[in-house]
Amino acid sequence: MVLVAAVRVERAPDESFAPGPLERRWRVGRPNEVVSDAARRSSYTSPQLVPLLWAPDVRWHKRCEEEAVSPAGFQLSAIELIRLGAPTEAALTDMDTPAAANGVVLLHGVLPAVRPADLPKALQFCASIDVHHRQGEQRHWVAQQLPRGCRIAETEREMVHGVLVTARCELSTFHEGLDLSAAEQWLWKMLYATEYPPPREAGEELRELHLRLPNAIQGVAGARGLSLVGTSVDPNPEQPPDYQYYDASGFHLATLQSDALALACLQRIVLDAFGQEVARMGEHEPLRRKVGQLERDLLVFRRSYWAADFGRQAVCTAIMRNFQRGCGLPEALQSLVSDLGELSRQVQAAETETTNAILGLLAAIGLPLATGLAIWQGLPQADVASLYRTLGITCLVTVLLTSSFPGLRRLFVTLFRRRRRQR
């Protein structure tokens with residue numbers, strides 16, 4: 001299994017973490033051995049993903065040489081850290097609202113050795129990092145595994161999980177009398193990490209979250225993560241463990257499918273940060289420069305992280321899309337676009353009102369002043385005393401015009417009130 005949590009990365013990790021993704025090997029010793037480095041993953045998916053997920057300046061990994069077991073029994077084997085790319089990271093840094101996270105951590109390992117019926121509950125304990133759950137033991141343990149300069153996001157309460165469950169014989173059934181097969185019960189209970197029986201609508205929900213996978217394995221993906229279940233014994237039981245059929249399923253879970261979960265989590269982090277910043281800007285009259293910069297930053301995000309997919313790896317793209325729909329990310333993005341458009345229209349309307357107010361102010365003062373000075377210059381004795389009298393009459397006319405015409409009064413009020421509200 002793999003656990004994914006949002007983190008705040010202040011600086012690159014130390015030398016104990018190597019740059020790039022964790023290299024996994026499949027078909028070891030065969031002529032067609034596969035090594036899942038950045039170049040191989042890019043060739044199987046899309047080069048667009050390299051600067052987002054696999055570049056050495058955004059991703060680091062570390063193998064755990066010594067056995068590391070969490071208080072919930074999770075057996076850790078490797079850690080990966082992924083940080084947002086430089087353009088998106090700069091956008092979050094420029095925001096006045098500090099982003100809760102700017103990266104994710106991937107914890108690779110296995111569930112504790114418990115009875116099959118207890119696996120969903122064990123998964124729940126492993127994924128929970130709520131500070132109020134079991135005195136925060138699991139959260140504290142995860143924080144200890146992170147490098148210096150990296151911490152769990154304060155808003156993170158439960159990690160996203162990807163889990164593969166297989167059986168040495170037939171899959172056991174959790175609850176009798178349900179319209180769900182044994183595999184479907186396992187899919188639902190491992191996706192939601194719960195010991196309670198599935199509801200009546202579980203079958204319809206599983207069909208909506210269903211992934212198209214090869215024979216002998218079923219999978220679903222949603223907002224909680226990814227659940228994969230082997231529907232029978234391994235089709236190649238006579239082979240060594242690393243040559244067996246489900247070894248390939250574990251290989252895919254630890255590589256591209258984990259990357260799909262990580263990318264979806266990064267998308268959620270960025271959209272949450274944009275949402276908080278737009279909400280803050282809506283509390284006051286926004287500045288044109290800030291709104292324009294936020295629109296450009298959102299466009300960069302849409303053309304990079306949001307537009308990215310896994311090319312020919314349709315299952316990975318489906319995992320990401322299911323996660324997006326489950327978390328409401330498409331709706332959140334559309335709401336951001338609409339809100340920024342509304343803020344931009346408000347800024348333009350405010351600038352138009354300010355311009356009209358300034359022009360009205362110039363007209364209310366300039367027209368009487370120009371008329372008075374023209375009269376003063378035409379007097380036989382254009383001395384200083386007559387100039388003062390002319391200026392006094394001009395001021396009196398300006399006051400009378402302002403008090404007589406409500407439109408002029410509104411222009412003055414609008415101008416000075418807007419200057420006080422701007423930040």
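Predicted model: local features only at pLDDT ≥ 70, side-chain atom pairs only at ≥ 80, totals over all residues.

Visitor: Which residues of α6 are buried?

Guide: They are Ala 183, Gln 185, Trp 186, Leu 187, Trp 188, Lys 189, Met 190 and Leu 191.

Visitor: What covers the buried residues of α6?

Guide: The cover includes the helices α4 (119–127) and α7 (202–209), together with the strands β9 (160–165), β11 (217–222) and β12 (225–230).

Visitor: How do α6 and α7 pack, and at what angle?

Guide: Their axes lie 11 Å apart and form an angle of about 80°. Angles of 65 to 115 degrees count as roughly perpendicular, so α6 is roughly perpendicular to α7. On the α6 side the contact is made by Glu 184, Leu 187, Trp 188, Leu 191 and Tyr 192, and on the α7 side by Ala 202, Glu 205, Leu 206 and Leu 209. By class, the residues of this contact are seven nonpolar, no polar and two charged.

Visitor: Let us take a single side chain next. Is Leu 53 buried or exposed?

Guide: Leu 53 counts as buried, because its relative accessibility is 0%. This residue is found in helix α2, residues 50–54.

Visitor: Which residues does Leu 53 touch, leaving aside those up to four places away in sequence?

Guide: Leu 53 touches Val 58, Arg 59, Ile 82, Asp 259, Leu 263, Leu 266 and Phe 310. For Leu 53 and Glu 33, the former is 20 residues and the latter is 23 Å, taken from C-alpha to C-alpha.

Visitor: How is empty space found in a model?

Guide: Rolling a probe the size of a water molecule over the atoms shows where empty space is left. In this structure, the largest pocket holds about 1200 Å³ of space.

Visitor: How many residues line the largest pocket, and which lie nearest its centre?

Guide: The lining comprises 34 residues, and those nearest the centre are Val 110, Leu 164, Val 165, Thr 166 and Ala 167. At least two lining residues come from each of β7 (103–110), β9 and α8 (245–282). Helix α8 gives the most, with six residues. Sorted by class, the lining has 21 nonpolar, seven polar and six charged residues.

Visitor: How much space lies in the second largest pocket, and which residues are closest to its centre?

Guide: The second largest pocket contains about 280 Å³ of space. It is lined by 15 residues, and Leu 213, Pro 214, Ser 249, His 252 and Gln 257 are the closest to its centre. Helices α8 and α10 (314–327) each supply at least two residues of this lining, and α8 gives the most, with six. The classes here are 10 nonpolar, four polar and one charged.

Visitor: How many cavities of 30 Å³ or more does a search of the whole structure find?

Guide: The search finds one. A cavity differs from a pocket in that the probe fits inside but cannot get out. The largest cavity has about 70 Å³ of space. Its lining consists of Pro 71, Ala 72, Phe 125, Ser 128, His 133, Arg 134, Glu 137 and Gln 138. Three of these lining residues are nonpolar, three are polar and two are charged.

Note on methods:
Residues numbered from 1 in each chain as written. Heavy atoms only, no water. Buried < 20%, exposed > 50% of the residue type's maximum accessible area, 1.4 Å probe, protein only. Helix = DSSP H or I, 4+ residues; strand = E, 2+ residues; numbered from the N terminus. Contact = heavy atoms within 4.5 Å. 1 Å grid on protein atoms, 1.4 Å probe; cavity = no way out; pocket = protein on both sides within 12 Å on 5 of 7 lines; lining within 4 Å. Points joined across faces, edges and corners; volume = space filled by probe spheres on them. Nonpolar A, V, L, I, M, F, W, Y, C, P; charged D, E, K, R; others polar. Axes fitted to C-alpha atoms, helices over the stretch in contact; angles between N-to-C directions. Parallel < 35°, antiparallel > 145°, perpendicular 65-115°, else oblique.
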